[in-house]
Amino acid sequence: MRTDTADLERPASAPAFQQLGLGRKIKNHTATVLFGLAFVIAVVPLLWVLFTLVQRGLAPMLNAEWWNHSFYGLLPNDSGGGVYHALVGTLEQTLVCALIAVPLGVTVGIFLIEYGRNSKLARTTTFMVDILSGLPSIVAGLFIYALWITTFGFDRSGFAVSLSLVLLMLPVVVRVTETMLTIVPDELREASYALGVPKWKTILKVVLPTSFSGIITGIILGLARVMGETAPLLILVGYSRAINYNLFEGPMASLPLTVYTARKTSTEAGEYRMWGAALTLVLLIMLINLLATLLSKLFAVKTR
Amino acid sequence: MAKRLDINDLNLYYNKFHAVQDVTLQVHARSVTAFIGPSGCGKSTVLRALNRMHEVIPGSRVEGSVLLDGEDVYAPGVDPVQVRRTIGMVFQRANPFPTMSIRDNVVAGLKLAGVKDKKRLEEITEHSLRGANLWEEVKDRLNKPGGGLSGGQQQRLCIARAIAVQPDVLLMDEPCSALDPISTLAIEDLIAELKKDYTIVIVTHNMQQAARVSDQTAFFNLPEVGQPGQLVEIGETGKIFSNPSQKATEGYISGRFG
Amino acid sequence: MTESTNSEWRSAPPGEAVTSPGDTGNTLVGSSEEAASPEHPTPPEQSGGRKKVIRLGDRLFQSVATGSGIFVVAIIASIGLFLLVRAIPALQANEANFLLSGQWRTGDPEDMAFGIVDLAWITVASSLVALIIAMPVAGGIALFLTQYAPRVLAKPFAYVVDLLAAVPSVIYGLWGALVLAPVLKPVALWINGTLGWIPIFADGNVPANSGSNVFTAGIVLAVMILPIITGVAREVFSRTPSAQIEGALALGATKWEVVRTTVWPFGRSGFVGGAMLGLGRALGETVALTVILSYTFEGPHYSIFDAGATFASRIALGSAEFNNHLTVGAYIAAGLVLFISTFAVNALARWIESGSGKGKK
């Protein structure tokens, strides 16, 4: 603190700026060090995890075969193979999830802010979305199992996975839409009405474009989050070592499921592939996070 | 294209709150009518009722009638959207659409109403910007965002946007209150020109401005806090400012209250 | 020209049909009713108030928006209902006490005996270990980021902490089981050896050096919930009114005293709310724990060196035997308990958070 720079050479008369008591000084420094240390404690596991992934997972990724082959026909001790089958599954499942969750979530957000403000239905919806945001992913999987597979009688499939991911993604989309629509000033809506633009066109052509950058960023971050989900996959789809493009039939691989399954083959080659798939998954998620940042810059409201 | 407005027994409410009581006045075609009065007297509320913007606020209510050349904008079967296309509005704070270029801002009303003819839009852009005295300043950067203009330019852009839909009446809600004196002067000059083609109603806190730009002036007042605002008197601007018939008007104009 | 525009009001513009009644028209939010004014009686064909004109587009759009709200409400309400409907037959076929038994025998639908006591213990124990570790660290980080870190660094630092949340749980599981557990082994052995006389640190149902126990799981969970608690805490601490902080500084308080007397009391309840959110996340975490915890048939010794399964990992492990309704029902019953407990914890979190900062000013 500034006070402890007081002149130590000052003679016997009471100094203008008294030294801080030693106890107070020690406490202050200890607190500063501890809080800084807490941050370091958080960084350690992050770097450790990333280091482990790169150290053990980088080698398989450098092989071209990794990107255009599956694990099909590999014996536990065979080296090689690729995650093409898992990439296909992950991308298809999350894409279909987004195709359902984004329009639904954005419309619910529009309803909450533009139409339902403070109505009973709006409050109920907000409450339900709150519940959904705390829903454990395994329960989301169980629910889709109970609904889609036991009640409707469908088989386990990649599409069932997409449905469970919708439950996990929906609250993210609704929240971000709500937040971004609230930021749009009412003056813009009024300006549009005053030009004789109907409300629905005002929402579509004025309000949504203004908040588009924020909404798209939030959606993509949410997508990155559900991409790494594993729990519902264990219940809702079988793992396949071969490439399966069909979301609606048969077992289908995905990156998280590949990591989880590869763990059970306790051979060196299997472990090699496991870490490779894990690093691929994290890189994919980081890539998508990066994309979110880029898109938010691209669509940001410009003034020049 | 300019039309007259007849306001009869207008009562305006926000939920239970009676905001404006029994306003009856006439707005002449091709002239400027100024609404003056202390804060909270309901002049802006009356203005917003003229093009049915009042009802945009939840819980608001309108009684009485507003006749545009004899036809009630509140009659059953009248579409508020059409009313607003006929009676345009400029707000206190310039509010260009942040996602649109200057050009798109000007023709936003037309484009959103489905006009696609490029050539016509091009013509209207230039015509409206010239009408708003902004053309020379922005003609080289029509594709730049409207948010990059200065405050005064943004407000003139909003005026250009309002006249681009070719309304009969133009409502202005304290259009200069957020602007510096030079920009204010530019807008006042513009109002003087616009009144050749449009019927203009302007709400202002600035009495010199009312005196400078308007042909007739309406003075609104609040009898007491919590009471609804009322129209005290309306008359030719010269008369209101030199020889008002009501004591309250004289008090307000001479700066004794408000 | 003057005449023609007026009549346009009454006819629909091309492509946009105008329809009559309904509640909301061109309003910002909600509806606004207009009363018929006595001076202008409404035409005879319209009884009771003026009818509002609403465009077809507006009606459609509003219906779609409202409909999606109703849809979401219905979906979520049906989650609880469906889980319940599926769980009841299994609970009826259960030969053990669901709430008090520690068994989990569900493979044969004719002979099922399952209860949640052991699952509850492992779930709660690992979540509490996580909470005990994560709370002080998250609080420290949040105070560091909001009060101590230089302004330019605060944002990237916060981003780094948020990155912890971007790592998928299956990867935390791998890291915990294969990398962290071996490193923790000596620590676990030391705690077990030195503090073993305290029941919670006594020998578990697997050897303390196995690593695949609640101790490791709790530490990994702590890392996973750290960004959640930190995020909420950062938010509430940064909302401390600057007048209070400056007031304390003006009295000659050190930085620590400022934190202790203004920032901490102001944000405390929000911080606890954030911790509850983290707890909700920890209770429902599945795959990391499925990977880390080894499964054992021996009952728990109520030590942090126990292994076993949580609600979530039990369900994940059991997915292989999902072949008949009753077996699935047993797992759904466990899922229902998990759903209800996370719901309760999350509701508590929101309740605490919504009260934070109130009454302190």
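View 1. The domain assignment of chain A, whose bounds come from an automatic or database domain assignment, gives domain 1 (17-62) and domain 2 (84-298). Their contact takes 7 residues from domain 1 of chain A and 8 residues from domain 2 of chain A, where two residues are in contact if their C-beta atoms, placed from the backbone, lie within 7 Å. The centres of the two domains, taken over C-alpha atoms, are separated by 33 Å. This is a predicted model, in which local features need pLDDT of at least 70 and side-chain atom pairs count only at pLDDT 80 or more, while totals for chains, interfaces and linings use all residues. Residues are numbered from 1 along each chain as its sequence is written, and chains are lettered from A and ligands numbered from 1 in the order in which they are written.

View 2. An unreviewed UniProt entry places the feature "transmembrane region" at residues 33-54, 93-115, 127-148, 160-181, 202-224 and 274-295 of chain A; UniProt positions are given in the numbering used here, feature names are shortened, and annotations may be inferred rather than shown by experiment. In the model, residues 33-54 of chain A are 100% helix and 0% strand, with end C-alpha atoms 31 Å apart, whereas residues 127-148 of chain A are 86% helix and 0% strand, with end C-alpha atoms 24 Å apart. Helices (H or I, at least four residues) and strands (E, at least two) are DSSP runs, numbered from the N terminus.

**View 3. The side of chain A that touches chain B.** In this interface, 19 residues of chain A are in contact with 25 residues of chain B. The elements giving two or more residues to this side of chain A are α7 (186-194) and α8 (199-227) of chain A, and the largest share, 6 residues, comes from α7(A). Among the residues of α7(A), Arg189(A), Glu190(A), Ala191(A), Ser192(A), Tyr193(A) and Ala194(A) are buried, a residue being buried if 20 or more other C-beta atoms, placed from the backbone, lie within 10 Å of its own. The cover over these buried residues includes α8 of chain A together with α2 (80-86) and β6 of chain B. Gly196(A), which follows α7(A), has a positive phi, near 80 degrees.

**View 4. Strand β7 of chain B and its neighbours.** All 5 of the 5 residues of strand β7 (residues 169-173) of chain B are buried, with Val169(B), Leu171(B) and Asp173(B) on one side and Leu170(B) and Met172(B) on the other. Strand β6 (residues 87-90) of chain B pairs with β7(B) in the parallel sense over 4 bridges, two strands being paired if DSSP finds at least two bridges between them. Within β7(B), Leu170(B) is the bridge partner of Gly88(B). Strand β8 (residues 199-203) of chain B also runs parallel to β7(B), joined to it by 5 bridges, and Thr199(B) in β8(B) stands opposite Val169(B).

View 5. For chain C, an unreviewed UniProt entry gives "transmembrane region" at residues 60-85, 119-145, 157-177, 214-233 and 328-352. Residues 119-145 of chain C are 100% helix and 0% strand, and their end C-alpha atoms lie 37 Å apart; residues 157-177 of chain C are 90% helix and 0% strand, with a separation of 28 Å between the end C-alpha atoms.

Technical notes: Buried ≥ 20, exposed ≤ 12 C-beta atoms within 10 Å, placed from the backbone.
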